[in-house]
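Subject: Structure for your review

Dear colleague,

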Amino acid sequence: MTAQESAAYGLAPDERRRAARVLSGATQADLEMLWSDWKEQPEVTYLRAPEAGLVMVQGRIGGTGDRFNLGEATITRATVLLSGIGIEDVIGTSYVLGSHPEHAGLAAIFDALLLAPEQRARVLAEVIEPLERGQKERDTSAQADARSTVVDFFTVARENE
Amino acid sequence: MYVAVKGGEKAIANAHALLAKRGRGEVDAPRIDYAQMRDQMGVLVSRVMAEGSLYDPDLAAKALLQAQGDVLEAVTLLRSYRTTLPRFGLTVAVDTAGLPSERRVSATFKDIPGGQQLGATFDYTHRLLTDELGTPEVPNLEMPPSAAMPRVTDLLGVDALIEADKPAEGWNDPDPGDLTREPTTFPMSRAERLQALNRGDEGFLLSLGYSTQRGFGNNHPFVGEVRVGEVEIEFDAPEIGHAVPIGRIEMTECQMVNQFVGNTEQAPQFTRGYGLVFGRGERKAMSMSLVDRALRSEEFGERIVSPAQDEEFVIAHSDNVQATGFVEHLKLPHYVDFQAELGLIRSLRREFETRHAADARMSAGKDQNGEN
């Protein structure tokens with residue numbers, strides 16, 4: 001079995017984190033479109049078919065103190081093996097919050113493509129960057145909505161003061 | 001005690017069919033889609049996720065539809081569902097100050113870095129029932145982008161006016177106990193209590209929190225900060241070799257600042273109560289932080305005189321799945337037990353009547369003798 005760690009593929013952890021953030025935050029429809037538009041598709045073998053499970057979400061008391069168990073969240077994971085189109089058995093893995101098997105499957109495929117050195121630039125340019133731009137736009141717009149509710153309260157001084 | 005009964009399959013099946021019919025209502029009207037439920041009943045969906053102790057807005061919306069709006073029934077559905085899934089592990093502890101919050105207010109400090117941001121709130125609405133729900137445009141005010149929003153309690157902490165989250169030295173980030181994996185034993189750690197309060201019934205915690213305000217375990221609270229927003233969740237999967245983001249979760253956090261304690265060794269400091277819940281659950285987060293503080297009585301050497309300060313009373317009765325299970329099981333067939341009770345009460349009454357008749361004869365005899 002091929003190693004799956006980022007380092008084994010010469011990929012900086014931050015780059016993989018960035019991709020994971022974008023792929024987990026994308027909509028399933030976007031990923032489906034990007035994959036169906038992907039020319040020269042490698043052969044995809046599911047080493048681990050999309051599988052639903054749980055993660056226990058932890059918080060910290062007061063924000064920065066001891067950890068405590070907040071509650072669980074549904075998560076779906078998948079692991080794929082890509083081969084063909086010059087890729088030598090690259091394994092990609094995804095973990096995506098929610099119960100969306102197709103989403104996790106597609107995220108694992110793009111994760112594997114990112115790990116394949118000869119596909120990396122293309123994945124970044126055609127998948128990660130456009131999705132990231134879209135997510136940033138949505139965040140900016142949501143933040144603008146939220147910032148419109150910034151309030152400045154005045155305390156009214158009492159008459160005898 | 002419940003004794004098993006047999007039979008009734010047909011009537012039970014018909015009852016379930018009738019239940020489904022009642023839940024359907026007018027057949028001409030469209031069914032509520034789960035996505036509508038999720039997006040237009042977001043606060044209710046949040047409550048089901050918090051008390052169901054499972055974050056998944058889609059599933060919570062579906063559970064609510066299946067339960068015909070019965071919150072506890074929906075919570076039970078989520079709790080049952082989670083038992084069918086394997087747990088892949090623990091997330092990295094969330095950083096609630098990490099992403100810009102949608103809402104962030106402080107009732108203690110007027111001018112806070114990052115500003116007071118009302119967000120989507122029912123506060124300051126007129127509470128007048130309306131026939132038509134409008135969706136007014138949110139104006140684009142060209143506000144400067146979100147400044148960092150440090151926690152208010154961290155700001156106070158700088159001058160040591162408020163108790164620190166953790167000891168200054170010798171802190172080793174202990175692993176918390178997990179109530180879903182280990183039997184409940186008292187006394188609990190604060191981390192275990194917070195897990196229990198987190199999944200506790202909103203109404204129960206609200207009432208207990210209210211009771212502390214009314215003097216039953218008073219701790220004079222102020223809202224240091226309430227924030228609502230999405231936080232990024234990270235998971236460290238062994239096969240990846242480092243933590244990666246796996247999505248975002250909406251959360252509500254409340255930092256309650258309470259009156260100070262101090263002693264001969266420790267200068268007076270504000271004390272704290274903490275609340276953190278899934279989704280948009282401000283009332284729950286506030287109640288949780290009030291009860292969290294009340295339950296720290298022993299830590300601060302306070303007299304335990306009120307229900308909200310009694311750990312076992314609060315924690316053992318806060319879970320609404322347990323509570324409703326035990327209360328509602330009373331309506332299931334108890335015929336055999338009740339027959340035994342009936343037998344007992346009949347024999348007691350026979351004894352009573354026999355004795356009463358004997359007493360009556362005695363006193364009748366005394367009356368005839370001219371005695372009182």
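In what order do the elements of chain A run from the N terminus on? The order is α-α-β-β-β-α-α-β. Please bear in mind throughout that this is a predicted model, and that the values below were computed from it.

Chain A

Chain A contains four helices and four strands. Its C-alpha trace spans about 85 × 35 × 30 Å along the principal axes. The radius of gyration of chain A is 21 Å, whereas a compact globule of 161 residues would have one near 15 Å. Buried residues account for 52% of the 161 residues in this chain. If one takes the contacts in chain A between residues at least 6 apart in sequence, 61% of them join residues at least 24 apart.

As for its surface, chain A exposes about 7400 Å², of which carbon and sulfur atoms supply 52%. The chain carries 16 positive and 25 negative side chains, and 4 Å lie between the centres of these two sets.

Chain B

Chain B contains twelve helices and seven strands. Along the principal axes, the C-alpha trace of chain B spans about 100 × 70 × 50 Å.

How is chain B divided into domains? The domain assignment gives domain 1 as residues 9-82, domain 2 as 103-119 + 147-166 + 176-327, and domain 3 as 333-365. The centres of domain 2 and domain 3 of chain B, taken over C-alpha atoms, are separated by 54 Å.

Of the 372 residues in chain B, 39% are buried. Among contacts in chain B with a separation of 6 or more, 64% are between residues 24 or more positions apart. Chain B exposes about 22000 Å², and carbon and sulfur atoms supply 56% of that area.

Which charges does chain B carry on its side chains, and how far apart do the centres of the two sets lie? There are 39 positive and 56 negative side chains in chain B, with the two centres 7 Å apart.

With kind regards

Definitions and conventions. Residues are numbered from 1 along each chain as its sequence is written. Chains are lettered from A and ligands numbered from 1 in the order in which they are written. This is a predicted model: local features need pLDDT of at least 70, side-chain atom pairs count only at pLDDT 80 or more; totals for chains, interfaces and linings use all residues. Side-chain values use heavy atoms; hydrogens and water are left out. Helices (H or I, at least four residues) and strands (E, at least two) are DSSP runs, numbered from the N terminus. Buried means under 20% relative accessible area, exposed over 50%, partly exposed in between (1.4 Å probe, protein chains only). Contact means heavy atoms within 4.5 Å. Accessible areas come from the Shrake-Rupley method with a 1.4 Å probe; for residues, only the protein chains shown count as cover. Lys and Arg count as positive and Asp and Glu as negative; His and the chain ends are not counted. The place of a charge is taken as NZ of Lys, CZ of Arg, CG of Asp or CD of Glu. Domain bounds come from an automatic or database domain assignment. The radius of gyration is taken over C-alpha atoms; the globule rule is 2.2 Å times the number of residues to the power 0.38.
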